[in-house]
Structure formats: C-alpha cells, structure tokens
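Take a look at the model below.

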Amino acid sequence: MKEIKFNEAAAITSPNPLVLVCTEKENGCLNIAPVSFFMYTSVNPPMLAFAMGKASNSGENIRRTGKAIISTAGDSLKEAVMTYGSTSGRKIDKMTHTPIVLQSVEGSDIQFPEDTKLAFVVSLTKTIEAGDHYLYLCDIDKIVADETKEVLFAWNGYAKLACAQQK
Ligand SMILES: Cc1cc2nc3c(=O)[nH]c(=O)nc-3n(C[C@H](O)[C@H](O)[C@H](O)COP(=O)(O)O)c2cc1C
C-alpha cells in the first residue's frame, strides 16, 4: 500500500453522503449549505452529527438558534446545491441569489427544499471543536420522508453530485 492524501481518501470512499443544512440567518432569511461530513450517532434517542468549517454561516446560525433542518437533496437540485456549496450565507442571501421551491414542516420555522426524500428537524445538543471544523451533535426531533423523491450523493470526493445505484 502507498500513503495518500485526505482528498484522495475521500474520493475512494465515494459516494459520500450529502445533506443540506438549512438554518435561519441573523436577518431571518433561510440559508442552505451542502455537507458530506454527516453521520448518525444514536438510535435511542435518535441523534445525528455533521461537521462544518469554523467560519461557515450555517455553523454560526445553528450555534445561535440551536435549530436546523437536515435534508437530503433531490435530483433537480444538482446545480443549486453546487452554488450553495461555493458561496457563504455570510456574504449573500442564497435563496434570493439562487431560488428553489421550498416547503415547511410542522414543528419548525425553518423551510427546506421541496425536492427532498428525507428531512430531519434537529436541535443542537453539543458543539465539539474538531481541527478546522466544528462537529455539531444534534437530537433528531422529527423525521419526514417522501418516497417518490431521489437522493443525491457526492462523488469523486465532493466534485460531482449523482444518485447511487446498487450493483
Ligand atoms: C458536495 C459538497 C459537500 C460539502 N461538504 C462539506 C462538509 O462536509 N463540511 C463543510 O464544512 N463544508 C462542506 N462543503 C462546503 C460548504 O457547503 C461551503 O463551505 C458553503 O459555502 C458553506 O456555506 P455557509 O457559509 O453559508 O454555511 C461541501 C460542498 C459541496 C459542494
């Protein structure tokens, strides 16, 4: 075996998970950012975790409000997701710049994309410093699903978005 770099390892573990972190900005607007550093951490109580760069607006928002919706992304969102992943909510209102169709769920004031197979309403329980990221450990308050929708994953590391198919 030969020693390789982190980004090469991420390409080998493709497809990687892809979720959209939906949060409320300080000005009340919705912010959405794609995240691949995502995992479940507990069944009972149901919990999940995701990691984001320390400067991210999404991180700032969930630390301030304690709330987020974590959703999967459907096929129609490929281009919007790449745009949301290359700009920060600190600089622009992404929903004005790149609008998409949104929906709401009872129990949360935060909207999330209409083209979504699965969404978690979460509450932040712990923020853990993890190198150049923060790891956000969350309770899952509610789970909703729409079986008719597809789920995008991140391929070639994080360069391409596509569905995954079983061999
Ligand atoms: C496919 C994909 C996966 C990404 N995964 C992560 C991730 O796991 N953690 C992270 O901090 N940023 C990730 N990013 C980059 C963030 O989405 C990007 O930094 C974004 O601008 C953050 O937005 P915000 O500042 O509005 O929160 C990913 C981007 C893409 C396109």
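This is a predicted model: local features need pLDDT of at least 70, side-chain atom pairs count only at pLDDT 80 or more; totals for chains, interfaces and linings use all residues.

Residues are numbered from 1 along each chain as its sequence is written, and side-chain values use heavy atoms, with hydrogens and water left out.

The ligand sits in the largest pocket. A pocket here is found on a 1 Å grid over the protein atoms alone: an open set of points with protein on both sides within 12 Å along at least five of seven lines. A molecule sits in a pocket if more than half of its atoms lie within 2 Å of its grid points. The ligand is surrounded by 23 residues; Gly53, Ser58, Thr87, Ser88 and Gly89 are the closest.

Which elements each supply at least two residues of the shell? They are strand 2 (30-35), strand 4 (47-53), helix 2 and helix 3 (78-84). Strand 2 gives the most, with four residues. Helices (H or I, at least four residues) and strands (E, at least two) are DSSP runs, numbered from the N terminus.

Now the polar atoms. An oxygen atom of the ligand lies 2.7 Å from a polar backbone atom of Gly89. For Asn57, a polar backbone atom is 2.8 Å from a ligand oxygen. A backbone N or O atom of Phe37 is also 2.8 Å from an oxygen atom of the ligand. Taken alone, the ligand exposes 640 Å², and the protein buries 85% of that. Accessible areas come from the Shrake-Rupley method with a 1.4 Å probe.

Move to helix 2. Ser58 lies in this helix, which spans residues 57-65. Ser58 counts as buried because its relative accessible area is 1%. Buried means under 20% relative accessible area, exposed over 50%, and partly exposed in between (1.4 Å probe, protein chains only). Leaving aside neighbours within four places in sequence, Ser58 is in contact with Val21, Thr23, Asn31, Ala33 and Met52. Contact means heavy atoms within 4.5 Å. The buried residues of helix 2 are Asn57, Ser58, Gly59, Asn61 and Ile62. Their cover includes strand 1 (19-24), strand 5, strand 8 and strand 9.

Look at the two ends of the helix. Ser56 lies in the loop between strand 4 and helix 2. At the start of helix 2, a side-chain oxygen of Ser56 comes within 3.0 Å of the backbone nitrogen of Gly59. Ser56 has 16% relative accessibility, so it counts as buried. Gly66 follows helix 2, and its phi is positive, near 75°.

Two loop residues remain. Asp132 sits in the loop between strand 8 (118-130) and strand 9 (133-145). Is Asp132 buried or exposed? Asp132 counts as exposed because its relative accessibility is 60%. Not counting residues up to four places away in sequence, Asp132 touches Gly53 and Lys54. The C-alpha atoms of Asp132 and Gly53 are separated by 6.0 Å, although the residues are 79 apart along the chain.

Leu77 lies in the loop between strand 5 (67-71) and helix 3. Leu77 counts as buried because its relative accessibility is 6%. Leaving aside neighbours within four places in sequence, its contacts are Leu20, Ile100, Pro113 and Asp115.

Technical notes: A residue is near a molecule or strand if one of its heavy atoms lies within 4 Å of it. A polar contact is a pair of N or O atoms within 3.5 Å; within protein, one must be able to donate a hydrogen and the other to accept it, and residues adjacent in sequence count only if both atoms are side-chain atoms. On a 1 Å grid over the protein atoms alone, a cavity is a set of points where a 1.4 Å probe fits but cannot get out, and a pocket is an open set with protein on both sides within 12 Å along at least five of seven lines; lining residues have an atom within 4 Å of a point.
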